[in-house]
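I opened the notebook to record what I looked up in this model, entry by entry. The coordinates come next, and my notes follow them.

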Amino acid sequence: MLQEEKKEVQPSQIEGMANSFSRRKFFGIMGGAGAAIAVAAASCRKTTPMHNNSGVDLGSGDIGILNYAYALEQLEAAFYTQVIKTPFSGIKDMEMAYLKDIRDHEIAHREFFKAALSSKAIQDLEVNFSKIDFTSRDSVLGTAVAFEDLGVSAYNGAGSLITNPDYLTIAGKIVSVEARHAAWVRDMVKAGSFAAMDVVDMNGLDQAKKPDEVLTIASAFLKTKINASNLPTS
């Protein structure tokens with residue numbers, strides 16, 4: 001359960017701690033889990049997100065948005081921790097080294113939000129990776145692409161919902177790292193796909209998704225239900 005609120009999180013506290021290929025081809029190389037994320041993204045606009053009705057309450061206002069980011073970082077950190085724990089068949093030394101770097105970044109992001117939110121942080125979330133074949137390079141890297149693309153779009157979509165400019169600065173620093181991850185894993189799947197048209201539009205702008213859409217997609221990989229009903233919408 002969400003812990004009892006004790007004191008306001010200060011922006012200065014956070015700042016101190018922070019010091020083209022086709023859709024069909026993309027599905028083909030992403031693997032089952034990555035395709036599942038993409039399918040969820042395509043369908044979530046037609047359904048009412050279950051996470052709005054019950055589950056762990058992210059909270060409201062800027063604190064709710066920080067908890068939203070914390071939830072996503074928990075998911076990514078858990079994924080990359082498992083990737084390194086059980087490397088896929090035929091993994092190359094360079095791939096292992098870079099995936100370890102990404103794991104360490106995601107763990108750092110997770111722990112940063114946990115410490116910054118303090119008593120306002122949500123609980124540790126339970127993940128469900130049954131759709132992912134961790135022995136398969138295609139499945140692992142395809143899922144990594146999907147998670148990183150989702151993370152970038154999540155931070156981009158949440159930016160307009162943050163009222164405190166200091167929090168927005170922190171989010172900008174983190175999303176730029178997530179975009180570096182996305183570029184690398186995309187090129188591991190298909191060379192030159194780091195900024196393909198499925199994520200970067202004709203104006204050179206990356207995708208942005210609102211929390212409702214992101215959490216509906218992410219919920220396929222979480223056993224813990226998320227309640228985002230108190231998050232700001234505009």
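I began with the charge-over-ring test, which requires NZ of Lys or CZ of Arg to be within 6 Å of the ring centre and within 35 degrees of the ring normal. By that test, I found the charged end of Lys-131 over the ring of Phe-221, 5.8 Å from its centre.

Before going further I noted that the model is predicted, that local features need pLDDT of at least 70 and side-chain atom pairs pLDDT 80 or more, and that totals for chains, interfaces and linings use all residues. Residues are numbered from 1 along each chain as its sequence is written, and side-chain values use heavy atoms, with hydrogens and water left out.

**Rings.** I looked up aromatic pairs, for which ring centres of Phe, Tyr and Trp (its six-membered ring) must lie within 6.5 Å, with planes under 30 degrees apart counted as stacked, over 60 as edge-to-face and the rest as tilted. The structure holds eight such pairs. The rings of Phe-129 and Phe-134 have centres 6.0 Å apart and planes at 65°, so I logged this pair as edge-to-face. Both Phe-129 and Phe-134 are buried (under 20% relative accessible area, with exposed over 50% and partly exposed in between, for a 1.4 Å probe and protein chains only). Ring pairs join Phe-129 and Phe-134 with Phe-79, Tyr-80, Phe-147 and Phe-221 in a cluster.

**Core.** Next I looked up the nonpolar core, a set of buried Ala, Val, Leu, Ile, Met, Phe, Trp, Tyr and Cys residues joined through side-chain atoms within 4.5 Å. The largest one has 57 residues, and Leu-58, Tyr-68, Phe-79, Phe-113 and Phe-129 have the most contacts inside it. Helix α3 gives the most to this core, with 13 residues; helices here are DSSP runs (H or I, at least four residues), as are strands (E, at least two), numbered from the N terminus.

**Helix α3.** I found 20 of the 25 residues of α3 buried. At 1.5 Å a residue, taken times one less than the number of residues, α3 should span 36 Å, and its end C-alpha atoms are 36 Å apart, which agrees.

**Two single residues.** Is Gly-59 buried or exposed? At 13% relative accessibility Gly-59 counts as buried, and I placed Gly-59 in the loop between β1 (56-57) and α3. Gly-59 and Asn-230 are 171 residues apart in sequence, yet 5.8 Å apart in space, C-alpha to C-alpha. His-109, in helix α4, is buried with a relative accessible area of 10%. Leaving aside neighbours within four places in sequence, His-109 is in contact (heavy atoms within 4.5 Å) with Glu-73, Ile-174, Val-177 and Glu-178.
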